[in-house]
Amino acid sequence: MHMNVIADCGITSVWPGNITYKWTPAEVGTWPWTVLLHFPIFDIMFSDIPGCMGTLIDKQWVITSALCTYLAGKPLNASRIKITLGKHHREQSHDVSGLINVVRVIRHKDFKSSRANLQSNIALLQLEKPVKFTDVVRPICLPTRKEVQDVIGGNHGVLIGWKKKNDHKYETRLQQTKVDVVHRYRCQWATRKFDEKRMICAGFQHEEPCISDSGSPLVFPVTHQILPTKWVLGGVLSWGLNTFQPGCHSNYEYSGYVNVGRYLRFIRNHLKPKKKKSRRGSRRKRNHRRWIIQQRKLRRARRKLQRRLAARHH
C-alpha cells in the first residue's frame, strides 16, 4: 500500500542537523508540517490550549490525537476547532496562515475518551480549503508498509512539539529531540492499556523528563539512492500532556504513540474516498446484465430448436 499522497511530501527546506537525546530548539522551516490547534475560550475567541498539536498530511487534512478533539470531556464540533500552519514561536500572532477553519472531524470508531484506555487515539481534521505549500508549510509523508517494517520498527525517530519544562512552563519555540523505539515494558508505568499491535513505545533517558503535546509527530528519515531524504510520520503521541495530571513526572521518559502504519486504511479511506456510483450508472449496469442473460437464454433456445429439427430430418 503506497501512502505518499503528495509527491513532494516529507521534504524540508532546513535540515535539522545533529539531533541528540535532548530537547533543543528547532530552526524555522525545519518541520513545516507542524500544526497548532485552537479552541474557543468562553465562546468569545479562539486560542491555542497547551497540550495538543497536529501534523499536516495532505493539502486539506491534519492528523492529531482524538482526545485533542474533546473539551471538558465532550466531543467538539468542527466549527469549534481552528488550526494554524507553519507555526514556530507559539506566542507570536498567526502570521503564516492565519486561523484556518476545520469543516470535519473524523475520530477512529474504536476510540473511547477514557484516559485510562486511549485505544485508537487518532483523528483526522478536514480543512475548509486546500492549503498552499511553501518552505514553512508542507505535509509529511505517510509511510508505506515496507517503511513501517524497515524504518520504524526498532529504530530512532525524532519527536517534535512544544514541550512542558520542569518549571511547569511551556516552551514558546518549537522543540525537537531524538527518541528510541523500545519494548512495551518501558511504557508500563502509565498503568493504562498498551496495545502492542497498534502502538509504539518510544522515548529516552534524560534530565528533563517532561513529554510533549498530545498529537505530536514522531517522524523518521527515509533515504533513497536517487531522491533526497524524506521524512515519514511513524507515530502520533497518544499519552501526551493533556492525558496526565499537571506537572512533570520522572516516568515521562517513555510514552505511548499511535502506530500510524496500523491505521493506513483508516487514513486512506478518508483522504481518497471511493467515488459513489450514481443511481443512473447502477441502473444501466443492471439493465445491461439483464440483457446479457436474456441473450444467453435466446441462444440456448435456438440451439435446442436446431437440435430438434435436425433429429426430425434423420
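1. A disulfide here is a pair of cysteine sulfur atoms within 2.5 Å. Searching the whole structure gives three disulfides. The model is predicted: local features need pLDDT of at least 70, side-chain atom pairs count only at pLDDT 80 or more, and totals for chains, interfaces and linings use all residues. Residues are numbered from 1 along each chain as its sequence is written, and side-chain values use heavy atoms, with hydrogens and water left out.

2. The link is right-handed, at 95° about the S-S bond. C9 sits in the segment before β1 (24-25) and C141 in the loop between β9 and α1 (145-152), so parts 132 residues apart in sequence are tied together. Strands (E, at least two residues) and helices (H or I, at least four) are DSSP runs, numbered from the N terminus.

3. C52 and C68 pair with sulfur atoms 2.1 Å apart. Their S-S torsion is about -95°, so this disulfide is left-handed. C52 belongs to strand β3 (residues 45-58), and C68 to the loop between β4 (61-64) and β5 (70-71), so the pair joins parts 16 residues apart in sequence.

4. For C187 and C201, the sulfur atoms are 2.0 Å apart. The torsion is about 95°, so the disulfide is right-handed.

5. Buried means under 20% relative accessible area, exposed over 50%, partly exposed in between (1.4 Å probe, protein chains only). C9 is buried at 4%, and C141 at 1%. C187 and C201 are buried too.

6. Check S120. Its phi is near 50°, a positive value in a residue other than glycine. S120 lies in the loop between β8 (100-107) and β9 (123-127), and is buried at 7%.
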